[in-house]
Structure formats: structure tokens, C-alpha cells
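Please prepare a short briefing on the structure shown here. Group the points by topic, and give the cut-offs behind each term.

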Amino acid sequence: MDERRGSNDEGEPEAVRELRTMADTVREALLDASLIAHGDELLRYVGMAEIAACLTRLEPSAQRTVWNMQPRVQYNPHDPGPTLTEASQRRGVETILVTRPATLLANPLLPSLYPSTRTGPVFLRALVIDEARVLVEGLDTADGEPTAWLTDRMDFVVPVLEIWERTRALSSPVLGPGESPGLSKRQVEVARLLATGAKDQAIARQLDMSARTVERDVRAILEELGARSRTEAVLAMSGRAAWPRAR
């Protein structure tokens, strides 16, 4: 089933149904535009490697805002997203991610990775940069590769920006006022290395920490995930845990 559309939108508020329609309209417009010769004003990226490279190149160009809509955000220890987000924030760029509430079940580390995350109805995978450029999901290729379109054409920027504004208005923050993420930045990095299969001694060397500190951080990660072992913790990070999380 295409995740962009729900299986049944009966009973949804009108504002949510309108968001679905607006997202479909943007995708259809991109499809129409892609059938016409395009140049620098509409760039297509194919595959996760190309999309990740595009994001890396875009990060230094953001001056004020990076607004991100993602229906799902799966945990990937090799994802450059957290590092790019932190780099933008250090430069004073406002970065906000909005995703669906179900993402928190599949990616329990999300509030620690992106504390400014909000949850709400998201039907379009898109990034809005300085309200002037957008990177929008395209159709998968015949081989199942994801695609994305980068453009500053206002006929795409304006509707995507409107979708963002409406989506944000219907969303709520994952952390309440004064609430801190479950894990510190250091513990998030320990969790990332744990997910790659690194052992405590290797993590300690790489992060210039003592093995005892790593052990304490691993215990905190297990507690945050409601996991009973490191293997279960890794499964939980990737959304494959089959037990209820202990809180």
C-alpha cells in the first residue's frame, strides 16, 4: 500500500483531507513537469546515496530555516541527518521536523535525535529551505529506488510551503515545555555505534571515553528503549521490537 495515502480517510477532519489532496496535487505536478525537458530549475536525484549527497550540499546554504516533513523516519545509524541538523542549528538556522505519531513507535530515539520534532498528519515527504527552495519526494524508479526533486520554482515552492504551514498548525511537539530528551547527545552517539555492532571497548576508543562510562550509557539506552539486552535495544532502534516498552 502506498504510505502517502491512508487506507481510509472517512471520519478525518476536513483540514486533514485537504492536506492529502494538496500533497497529491504537488506529486502530480512534479510528474507532469518531469515529462518535460528540465534544467537547473528542476533537478532530479535517484537513490539514497544521491539524495544524501544533495542534503549534504544543501546544508551550508540554509540561512534561516530548514523545515522537514517526513511521513516516516526510520532509524539508520549511518543517516547524515542528525549531523547536518546539528550543523545548521550551530549556525542559528531553525530546524523543525514534523512526522506522523506512529513514527515514535518505530523510531523511539527520535525525540533524542531531533528534540524539536513535532507529530501530526504528514502526507508529503519534503524539505523547505529558507522558504525559497524545496526538495520533494518523487516516484520510485522501476527498480524501487527513491527519487527526489530539488527546485526553486515558485509554482512548487508556494504549494509545498502552504502544505508545511498547514501541517505544522495541525501538529504538536514531542517534548513538552521544559521536558528534556531521554538521551544526551553523547548517549545518542553511543546508541549509534551500538547499532553498528561496535563493542564497548571500540565505542570507548572512538569516543575517547572510559569503558565504565560507555557501560553506564548503554544501561541508560536500554532503559530508554525498554530493552532487556543490547540485541533487543538494536532491534528497538530499528522499530523491530516485539515487546511492550517499559516506561
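**Salt bridges, helix packing and surface**

E189 counts as partly exposed, with a relative accessibility of 26%; here buried means under 20% relative accessible area, exposed over 50%, and partly exposed in between, with a 1.4 Å probe and protein chains only. The model is a predicted one, in which local features need pLDDT of at least 70 and side-chain atom pairs count only at pLDDT 80 or more, while totals for chains, interfaces and linings use all residues. Residues are numbered from 1 along each chain as its sequence is written, and side-chain values use heavy atoms, with hydrogens and water left out.

**Salt bridges**

- Side chains of opposite charge can pair when their charged atoms come close.
- A salt bridge is taken as a side-chain nitrogen of Lys or Arg within 4 Å of a carboxyl oxygen of Asp or Glu, and by this rule the count comes to 15.
- E189 forms one of them with R192, at 2.7 Å from N to O.
- R192 and E189 are three residues apart in helix α7, so about one helical turn separates them. Helices (H or I, at least four residues) and strands (E, at least two) are DSSP runs, numbered from the N terminus.
- R192 is partly exposed, at 23% relative accessibility.
- D200 and R230 meet through their side chains in a salt bridge of 2.5 Å, N to O. This pair links distant parts of the chain, with D200 in helix α8 and R230 in helix α10, 30 residues apart.
- D200 is buried, its relative accessible area being 16%, whereas R230 counts as partly exposed at 35%.
- In the salt bridge between E59 and R91, the closest N and O atoms are 2.6 Å apart. The two residues are 32 apart and join distant parts of the chain: E59 is in the loop between α2 (47–58) and β2 (65–70), and R91 is in the loop between α3 (81–90) and β3 (94–99).
- E59 is buried, with 12% relative accessible area, and R91 is partly exposed, with 38%.
- A network of salt bridges links E18, E162 and R166.

**Helix packing**

- Axes are lines fitted to C-alpha atoms, for helices over the stretch in contact, and angles run from 0 to 180 degrees between N-to-C directions.
- Angles under 35 degrees count as roughly parallel, over 145 as roughly antiparallel, 65 to 115 as roughly perpendicular and the rest as oblique.
- A crossing is left-handed if the near helix is turned anticlockwise from the far one by less than a right angle, and right-handed if clockwise.
- Helix α7 (residues 185–195) packs against α8 at an angle of about 135°, their axes being 10 Å apart. The two helices are therefore oblique to each other, and their crossing is right-handed.
- Helix α8 (residues 200–207) and α9 have axes 9 Å apart and pack at about 110°. At this angle α8 is roughly perpendicular to α9, and the crossing of α8 and α9 is right-handed.
- Helix α9 (residues 211–225) and helix α10 (residues 230–237) have axes that come within 10 Å and cross at roughly 55°. α9 and α10 are therefore oblique to each other, and α9 passes α10 in a left-handed crossing.

**Backbone**

- Most residues other than glycine have a negative phi.
- D208 is not a glycine, yet has a positive phi of about 55°. D208 lies in the loop between α8 and α9 and is exposed, at 73% relative accessibility.
- E131, not a glycine either, has a positive phi of about 55°. E131 sits in the loop between β5 (126–129) and β6 (133–137) and is partly exposed, with a relative accessible area of 37%.

**Surface patch**

- L31, L35 and L139 form a nonpolar patch on the surface, with about 310 Å² of accessible area together.
- Patches are made of residues with over 30% relative accessible area and no salt bridge; like charges are joined within 9 Å, and nonpolar side chains (Val, Leu, Ile, Met, Phe, Trp, Tyr) within 5 Å.
- Accessible areas come from the Shrake-Rupley method with a 1.4 Å probe, and for residues only the protein chains shown count as cover.
- L31 belongs to helix α1 (residues 14–34) and is partly exposed, at 40% relative accessibility.
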